[in-house]
Amino acid sequence: MDICSSVERGTHLHDSAAKKRLSTFLSSVIAVILAAMSILLLHTVIKEYTNSTHVSYSRDVNLLYSYLEQVSILDIPILTEYSEKNLNIDVLRNSNTVMSTNSFAESAAVLEAASPYSQPMYWDDYYNAVNQGETNRRFYTVRYNHIDYWNSYSIINIGGTFYTIHTVFNNAVLSAYKTKIIILFLLITSAAIILLSIFSCIFTVRILVPVNKAYQKQDMFIAVASHELKTPITIIKSCLNGLSGSKPNETDNDYILTAQRECDRMTDMVNNLLTFADIKKSGRDNFDEVHPEDIIIDCYDRFEPIAIQKNVDLVVSIPDDPLPLFSMDRDRMLQCMSILVDNAISCTSKGAISMSVSMRDQRLCYQISDTGDGISDEDKPHIFETFYSGRNDHRTHFGLGLSIAKSIADLHSADLTVCDNIPHGSIFTLTFKL
């Protein structure tokens, strides 16, 4: 019952983390897609509205000019009628304003900034109208107060007098409309992202139900099978010890020793599987403030005799100034360092194993380096996978050690990476995230 409860707790923790990651991923994808589509649609809507408004402005202005070319006197009512279409109309003669509809507050300032007399082709148009009777309608844009105003002018003979008719469209109205459209799109897009994010959370819960069950069955199998295997292995070892004490012949003794070695290997594998299952269900209940140097010192004391026996140097590097306390599971972190050091010693026939702890960019960093044969580029992406033992001898390693170390690193939200130790060997780095 205890094993099943522990497995369920571990699976729940794993499932919660998976749901959070998947929900975040789906929400991010949805947000990016909706934002991109909204920006594209917003750009298209504003562009189409702007183009259609400009076409309407051009049509109204051309109709006004055509009408004025047919009359003999200025018709005030018709100018007033056109001014209601967000147009300001100024009638100019000899740089003087004869008449203005003053359709909007900025019209006088825009006229000053966009005076027809300052346009490059104005005087050519004027002399063509006076000397040859040719009229040209010019359209141009002038920026005033961060708004682009559409302007036009035409030189028209009305009752024997040449007048310059200057029109300005009130683009402030267009800018206000664009602002409303942008705000509306932002509100709609934000609401859509929130609703779809809620949907993604519900969808994630539903889609992870079978995944959760599969993980639960897998973890329960590992935990229960490993636990149940301990009893027969213990019995087998006891029987073998009994046989070895009965003074068997040399051939039988070899068989017994081989069986004992395999039992020891099986015991190690079962213990590793139990550790692996226990780490997966672990939370942060055992976290406490720890001096990071203590982990390195304890690990050194544990492996110094083994290093001496194998004739390799075990070197420790600790900062002169004490490191700040870090929240961690001391036993698990010592286990992680022990796995890395044991792995380094087993792969190093001569040279040295270096252990260090330091602060880098305000982050705690452990390093274990060796001078062994190193790890091939083909093996590097897989060495932390369960049951992968490409670097080590399959007869003595099951591919669980580095996987357990990676699980402990994940438990501490730390990064465990490997790189080459020039000129030969490997460097494992455990970095605590900020």
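**Exercise 1.** How many bridges join strand S10 to S12, and in which sense do the two strands run?

*Solution.* The model is predicted. Step one: locate S10 at residues 363-369; five bridges join this strand to S12, and the two run antiparallel. Step four: look at the connection. S11 and S12 make a hairpin with five residues between them, and Gly425 in the turn has a positive phi of about 115°.

**Exercise 2.** Which residues of S12 point one way, and which the other way?

*Solution.* Start from the general rule: side chains in a regular strand alternate between the two faces of the sheet. In S12, Ser426, Phe428, Leu430 and Phe432 point one way, while Ile427, Thr429 and Thr431 point the other way. Next, apply the cut-off for burial, under 20% relative accessible area. Seven of the seven residues of S12 (residues 426-432) are buried, so the strand is largely enclosed by the rest of the structure.

**Exercise 3.** Which residues have the most contacts inside the largest nonpolar core?

*Solution.* The core has 43 residues, and those with the most contacts inside it are Met328, Met333, Met337, Leu340, Tyr366, Leu430 and Phe432. Helix H8 (residues 330-346) gives the most to this core, with nine residues. Then take Tyr366: beyond its neighbours within four places in sequence, its contacts include Pro292, Met328, Met337, Phe428, Leu430 and Phe432.

Key
Residues are numbered from 1 along each chain as its sequence is written. This is a predicted model: local features need pLDDT of at least 70, side-chain atom pairs count only at pLDDT 80 or more; totals for chains, interfaces and linings use all residues. Side-chain values use heavy atoms; hydrogens and water are left out. A nonpolar core is a set of buried Ala, Val, Leu, Ile, Met, Phe, Trp, Tyr and Cys residues joined through side-chain atoms within 4.5 Å. Buried means under 20% relative accessible area, exposed over 50%, partly exposed in between (1.4 Å probe, protein chains only). Helices (H or I, at least four residues) and strands (E, at least two) are DSSP runs, numbered from the N terminus. Contact means heavy atoms within 4.5 Å. Two strands pair if DSSP finds at least two bridges between them.
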